[in-house]
Amino acid sequence: MNFNRRDFVKSTSIITGGLLTTPFLSEASFFNSNSDDTIKIAVIGCGGRGTGAVVQALSTKQNVKLVAMADAFKDRLNQCYENITSDDQAHLKAKINVPEDHKFTGFDAYLKAIPLADVVILTTPPGFRPMHFEAAVNAGKHIFMEKPVATDPAGIQRVLAAAEKAKAKKLNVVVGLQRHYQNSYRELMKRLQDGMVGDIVSASAWWNNDGVWTNPRKPGQTEMDYQMRNWYYFNWLCGDHITEQHIHNIDVINWAKNGYPVRARGTGGREVRKGKDTGEIFDHHLVEFEYADGTILNSQCRHMKGTWAKVDELVVGTKGKIQFDAAKITDHKGNSLYAFDKKNKENQPYQTEHDELFEAIAKGEYKFADAENGAKSTMTSILGRMATYSGQVIEWDKAINSGIDIMPKTLAWDADMPLKPDANGNYPVAIPGKTKYFS
Ligand SMILES: NC(=O)c1ccc[n+]([C@@H]2O[C@H](COP(=O)([O-])OP(=O)(O)OC[C@H]3O[C@@H](n4cnc5c(N)ncnc54)[C@H](O)[C@@H]3O)[C@@H](O)[C@H]2O)c1
């Protein structure tokens, strides 16, 4: 874990978002040698991101067709289908062929959709990602999966094990940590690797903004239905916003450090997120992540309306600093060392993820192995959550090997949920100093 800059340059393929420096031929699917070059895709999780990812996959240069859709809820699936087949997306119509018997709903819908495709898009809430990723890898599919890739250490281990299998099978896996596919980040990281800012001495990461939607409880709704419709507020589904959103920024610092923290300590709580329909997640976390060489990442994320907003990352080195959102590098006197031309050279990284993935697949190349980094950056954010929930110093090795598993044992609409609200509709919330992970 204690990398210097030379090691970084040597081993850069480990954590550049999984982009392997040398393309290998994939054993999975050779589209360029077939007369039919159609690449069939299935989407699991037809919400906002699933819809976006389908549009992006279908907008690549390759002959991509959507052949199957899966969602827990029929109304969400239908809404997605309506959106992608609407007149606004008329250019995609010829690329969508999803008959009614290829639209699957319920908790086992993924098992029916995966076999029908060459590439699977995994865009449900992250709690389900380990089981969906494992199934897609076992079925020998190439994968685009959204971040985070799990919500607990048991899920992380499952993803890491499946990631190894994916590598052995040479399945391309892209994870939606899209900064790895963004021109400005790639250019800034290149200069970091080339030594422009010297050795990293500290870093900061922010995801501070207003927060997210709620879906108020409906009469007669089962507890599972309610939690699924409000997945953001429940850790087994979402992982808290430190995992769900702030992972993007934490991941950038892991990328810059070419490693993962060894421990975390921090503070957090619920200042404004109170009352019904606010589940169990905190509204702020402030964490010091410590890397093996002593570098500290100061990370903060907050969901509070009317407060100072910032989504960004900063790396401070011995010779200068990188401000990622501004896409510039300066020395310690403020003199410019490098400025990326955002106006003319920035790309749409969500599209680039798919452009690069489908190009590799069409050529029969094995180029992307993002799952391991996706899992370890997700684990970093879970480490932070464990630190703020408990108020204790949490060690990486202990946490990742803890076997902590917060998924319900039964996935069914009428399941007896482990987490239930009290008579006033409030859920138990972690209390620093009282919540314990280790004795
Ligand atoms: N990379 C990014 O910038 C970015 C942006 C937005 C969302 N995301 C990620 O995409 C994922 C989905 O987010 P979203 O905003 O689309 O949420 P969403 O609620 O709009 O969509 C999630 C969909 O998954 C479905 N679903 C839930 N459980 C399921 C299951 N077990 N099987 C099948 N379908 C299931 C839901 O019914 C819903 O339609 C999250 O992990 C999120 O972090 C990433």
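**Close-up views of a predicted model**

**View 1. Strands E13 and E14 lie side by side as an antiparallel pair.** Strand E13 (residues 321-323) and strand E14 (residues 328-330) are joined by three bridges, and two strands count as paired if DSSP finds at least two bridges between them. Within this pair, Ile322 stands opposite Ile329 in E14. Strands of a sheet pair through backbone hydrogen bonds, either parallel or antiparallel. This is a predicted model, in which local features need pLDDT of at least 70 and side-chain atom pairs count only at pLDDT 80 or more, while totals for chains, interfaces and linings use all residues. Residues are numbered from 1 along each chain as its sequence is written, and side-chain values use heavy atoms, with hydrogens and water left out.

**View 2. An open sheet of nine strands has mixed pairing.** The strand order is E15-E14-E13-E12-E8-E11-E10-E9-E17, where strands are DSSP runs (E, at least two residues) and helices are DSSP runs (H or I, at least four), both numbered from the N terminus. Strand E15 (336-339) and strand E17 (394-395) are the edge strands, each pairing on one side only.

**View 3. Thr243 is a buried residue in helix H9 (residues 241-244).** Its relative accessible area is 0%, and buried means under 20%, exposed over 50% and partly exposed in between (1.4 Å probe, protein chains only). The side chain of Thr243 makes a polar contact with the side chain of Ser381 at 3.0 Å; such a contact is a pair of N or O atoms within 3.5 Å, and within protein one must be able to donate a hydrogen and the other to accept it, while residues adjacent in sequence count only if both atoms are side-chain atoms.
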